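Hi everyone, thanks for coming. Let me put the model up on the screen, and then I'll walk you through it.

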Amino acid sequence: MSGASRASITEERNMSIEVTDELVGKIAVLSRLNLTPEEIAGLKEHFEKVLEYVGELQELDTDGVDPSLFTTETSNVLRPDEGAPSLDNETALRPAPESEPPYFLVPRIVGDAESSES
Amino acid sequence: MTESVFDTRDRIRAGELSAAAAAEEALRQVEAVNPQLEAATDILREDALAQAAEIDRRLGVGEEPGPLAGIPFTVKSNICTLGGRTSAASRIIEGHVSPYEATAVRRLREAGAVCVAKTNLDEFGMGSSTENSSIKVTKNPWKTTHVPGGSSGGAAALCSATRGMLHLGSDTGGSIRQPASYCGVTGLKPTYGRVSRYGLLAFASSLDQIGPLQHSALECALVLQAMAGVDRMDCTSRDVEVKDYVESASRDISGLRIGLAPELFPEGVEAEVRESVERGIEVLRGLGAEVKEVSLPNARYANPAYVLVSAAEASSNLARYDGVHFGHRSKNAGDLVELYKSSRAEGFGPEVKRRIMIGTFVLSSGYYDAFYLKALKVRKLIQQDFEKALGEVDAVICPTSPITAFPIGERMDDPMKLYAVDVLTVPANLASLPALSMPCGLSGEGLPVGMQIYGRQMEDDVVLRIANAFQSETDHHLRAPGVNAWDGGGGA
């Protein structure tokens, strides 16, 4: 299936997106946000309003229009790859909530010997 | 009291005023109005006086401290400074002190200006009322029961109620121009790429731009001149000649062509706003401008496209607030992913969460083409509309906001009502154009009305020139609000 026809199918389909708790919950996981049931309910309502508001974009025929990421003439700005001073380790760590110089501290991300065996 | 930044500059140059006295006077003004307006988040008394003393020392030994020597300035709290907090008015980085400074700030300091305060905003710039601040709600100096607009509401309120300072804000969808309009000051969103974004906490990188809020177009020109120019730290900053904006803004406008697009005077524009702007256009006609109608057929789609594009970029940019590198870290997390999810849930406010969620949604598999890509295509159409219109005229004029400042709390129950006030400002960000708001009248309620001027890319000078011509002929920009720093330290 070509990219263009896939896009048009998706465009048609979105006209009737059903916003469910499951969809909002999935987006929350992707967004790395823990949300309360009240927040999920509020966001569900917000999603419905936004989808309705942006629905009018579908009226516009945009076939063959180049999507615009940046609208200035500039592209691919190159410069010599030269070293220059940057923040020293101590300064860069200063705003961190927890650190063990020269590192940022995070919770253990791989299991210890016991749990990895189980 | 009507001292302009130029008066302050000239008196310091002439030795009639020390930089230290100028800083003291600025601090006095901020401290006088802040209890009522809650506009400044940090007042940097010690830093400011130390910087001012250094300027005085240099002036004393005959050194040249730069074109802005001793002029006090304030910085919106989403722009990095070495002194004071760069909190973005968000709990997630509430006490954050930046280890580096923004290029725009550095350039002002290197020109001799002295930072005296940081100003309030809607969290990360997301809002149009400065009510979405984790720190406090800023009040409008014309009527303290009303919002100052946003997100640069702290800068706009402080500018309106004081004199003789420079104020830096940022504008992603109107965040300089709309508060400038509501507080009766002049605000410029420069052309995208005119001012480096290095050190501006990113909200939507293809739309964000730093700019000044001042009492006149000439003051804006002075600030732009000091900040503008290419920067190796921002590859979207453009290597285009920095003009003498003060000089070019001072030229007359006879023969300039001004366009009016019916699409930028939509039904929702209040009658008082429309009438004030129309009277403003007559002033420009009287000054020799030629007025003609132009068409922007896709302008009505700008706000929906903006809602999607800005949210998509925000969801990506705000991924960096993870509880590890800076700011808030949840105490209730076991593994790393839980740490991210809890820190972000506890740190971000409701509007920021809404935008991250919508942005993640439109970028997610299955919805990308229908929403994000569609919005980018619409952005292209809007850009083409402006290219065509600005091929026929030198500038396009419209209201800044469909309404004047509204009561605090009135639009907080429904985010969509707040988004609606951005309809006339977001097209400039989508099309990367310079746009300025300036006061052009008062409503029956005594609230300022803003008139907006759009120009061609990199023709910030033309926009400033039209505004300066208008301000040379009228006195709307000289009117003072009820709360101000000189009527007994902050009146009604």
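How many residues of chain B are in contact with chain A? The answer is 60 residues of chain B, which touch 45 residues of chain A; contact here is C-beta atoms, placed from the backbone, within 7 Å.

Before going on, a word on what you are looking at. This is a predicted model, where local features need pLDDT of at least 70, side-chain atom pairs count only at pLDDT 80 or more, and totals for chains, interfaces and linings use all residues. Residues are numbered from 1 along each chain as its sequence is written, while chains are lettered from A and ligands numbered from 1 in the order in which they are written.

The predictor reports an ipTM of 0.94 and a pTM of 0.95 for the complex. Chain B has an average pLDDT (the predictor's confidence in each residue, from 0 to 100) of 96, and 99% of its residues score at least 70.

Back to that contact of 60 residues of chain B with 45 of chain A. Helices H10 (302–317), H11 (336–347), H12 (350–363), H13 (368–392) and H14 (415–419) of chain B each supply at least two residues to the side of chain B that touches chain A. H13(B) gives the most, with 13 residues. By class, this side has 31 nonpolar, 16 polar and 13 charged residues. Nonpolar means Ala, Val, Leu, Ile, Met, Phe, Trp, Tyr, Cys and Pro; charged means Asp, Glu, Lys and Arg; the others, Gly among them, are polar.

Now the fold. Chain B has 16 helices and eleven strands, taken as DSSP runs numbered from the N terminus: helices are H or I, at least four residues, and strands are E, at least two. The eleven strands form an open, mixed sheet in the order S1-S3-S2-S4-S6-S5-S10-S11-S9-S7-S8 (chain B), where pairing takes at least two DSSP bridges between two strands. Its edge strands are S1 (40–43) and S8 (290–293) of chain B.

Let's zoom in on one pair. S4 (residues 166–171) and S6 (residues 209–214) of chain B run antiparallel over four bridges, and Leu168(B) has Pro212(B) in S6(B) as its bridge partner.

Finally, the overall dimensions. The C-alpha atoms of chain B fill a box of roughly 65 × 55 × 45 Å along the principal axes. Of its 492 residues, 65% are buried, meaning 20 or more other C-beta atoms, placed from the backbone, within 10 Å of their own.

Terms used
A residue is buried if 20 or more other C-beta atoms lie within 10 Å of its own, exposed if 12 or fewer, and partly exposed in between; C-beta atoms are placed from the backbone. Two residues are in contact if their C-beta atoms, placed from the backbone, lie within 7 Å.
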